[in-house]
Amino acid sequence: CQKMDGGPVDHIMLVAERYIVLLAMAGQDYYVGIVINPRGNVGKARLQLRRFMPEIASVLNAGVI
């Protein structure tokens, strides 16, 4: 992404035979991941990550956990 001037990475998706992993950055030091069935709804999973990421990131970066 840096070589192509694409900007920072927001999401990463790994697809395997038995599962799909979606990773999203939740600040400088954290990633949040969702593991779903290959037949699962990837669009809905991405929507849920986007929906709840501000709250998750604020909790993780505040060190509450």
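Modeller: Welcome! Here a helix is a DSSP run of H or I with at least four residues, a strand is a run of E with at least two, and both are numbered from the N terminus. Please keep in mind that this is a predicted model.

Biologist: Thanks! How many helices and strands are there in the chain?

Modeller: From the N terminus on, the elements run β-β-β-α. Counting by type, the chain has one helix and three strands.

Biologist: What does the C-alpha trace of the chain span along its principal axes?

Modeller: The chain has 65 residues, of which 18% are buried. Along the principal axes, its C-alpha trace spans about 35 × 35 × 15 Å.

Biologist: Which strands are the edge strands of the sheet?

Modeller: The three strands form an open sheet in the order S1-S2-S3, and their pairing is antiparallel. An edge strand pairs on one side only, and that holds for S1 and strand S3 (31-36).

Biologist: By how many degrees are neighbouring strands of this sheet turned against each other on average?

Modeller: Strands of a sheet pair through backbone hydrogen bonds, in a parallel or an antiparallel way. For neighbours in this sheet, with direction ignored, the average turn is 15°.

Biologist: Which residue in S2 is the bridge partner of methionine 13?

Modeller: S1 and strand S2 (residues 20-25) are joined in the antiparallel sense by five bridges. Within S2, methionine 13 has as its bridge partner leucine 22.

Biologist: Which element gives the most residues to the largest nonpolar core?

Modeller: This core has eleven residues, among them Leu22, Val32, Ile36, Leu49 and Met53. S2, S3 and helix H1 (42-62) each give two or more residues to it. With five residues, the element that gives the most is H1.

Biologist: Now for the surface. Is leucine 14 buried, partly exposed or exposed?

Modeller: Leucine 14 lies in strand S1 (residues 11-15). Together with Val9, Ile12, Met25 and Tyr31, Leu14 forms a nonpolar surface patch with about 400 Å² of accessible area in total. Residues between 20% and 50% relative accessible area fall in the middle class. Since leucine 14 has a relative accessibility of 45%, it counts as partly exposed.

Biologist: How far apart in space are glutamate 17 and asparagine 37, C-alpha to C-alpha?

Modeller: Glutamate 17 sits in the loop between S1 and S2, and its relative accessible area of 75% makes it exposed. Along the sequence, glutamate 17 and asparagine 37 are 20 residues apart. In space, C-alpha to C-alpha, the distance between glutamate 17 and asparagine 37 is 9.4 Å.

Biologist: And what separation do the C-alpha atoms of histidine 11 and valine 32 have?

Modeller: Histidine 11 belongs to strand S1, and at 37% relative accessible area this histidine 11 is partly exposed. Valine 32 is one of the residues of the largest nonpolar core. Histidine 11 and valine 32 are 21 residues apart along the chain, and their C-alpha atoms are separated by 9.6 Å.

Biologist: One last thing: what is the phi of aspartate 5?

Modeller: Aspartate 5 is in the segment before S1. Exposed residues have over 50% relative accessible area, so aspartate 5, at 71%, counts as exposed. Although aspartate 5 is not a glycine, its phi is positive, at about 55°.

Notes. Residues numbered from 1 in each chain as written. Predicted model: local features only at pLDDT ≥ 70, side-chain atom pairs only at ≥ 80, totals over all residues. Heavy atoms only, no water. Patch = residues over 30% accessible without salt bridge, like charges linked within 9 Å, V, L, I, M, F, W, Y side chains within 5 Å. Areas by Shrake-Rupley, 256 points an atom, 1.4 Å probe, with all protein chains shown as cover. Salt bridge = Lys/Arg side-chain N within 4 Å of Asp/Glu carboxyl O. Buried < 20%, exposed > 50% of the residue type's maximum accessible area, 1.4 Å probe, protein only. Pairing = 2+ DSSP bridges. Axes fitted to C-alpha atoms, helices over the stretch in contact; angles between N-to-C directions. Core = buried A, V, L, I, M, F, W, Y, C linked by side-chain atoms within 4.5 Å.
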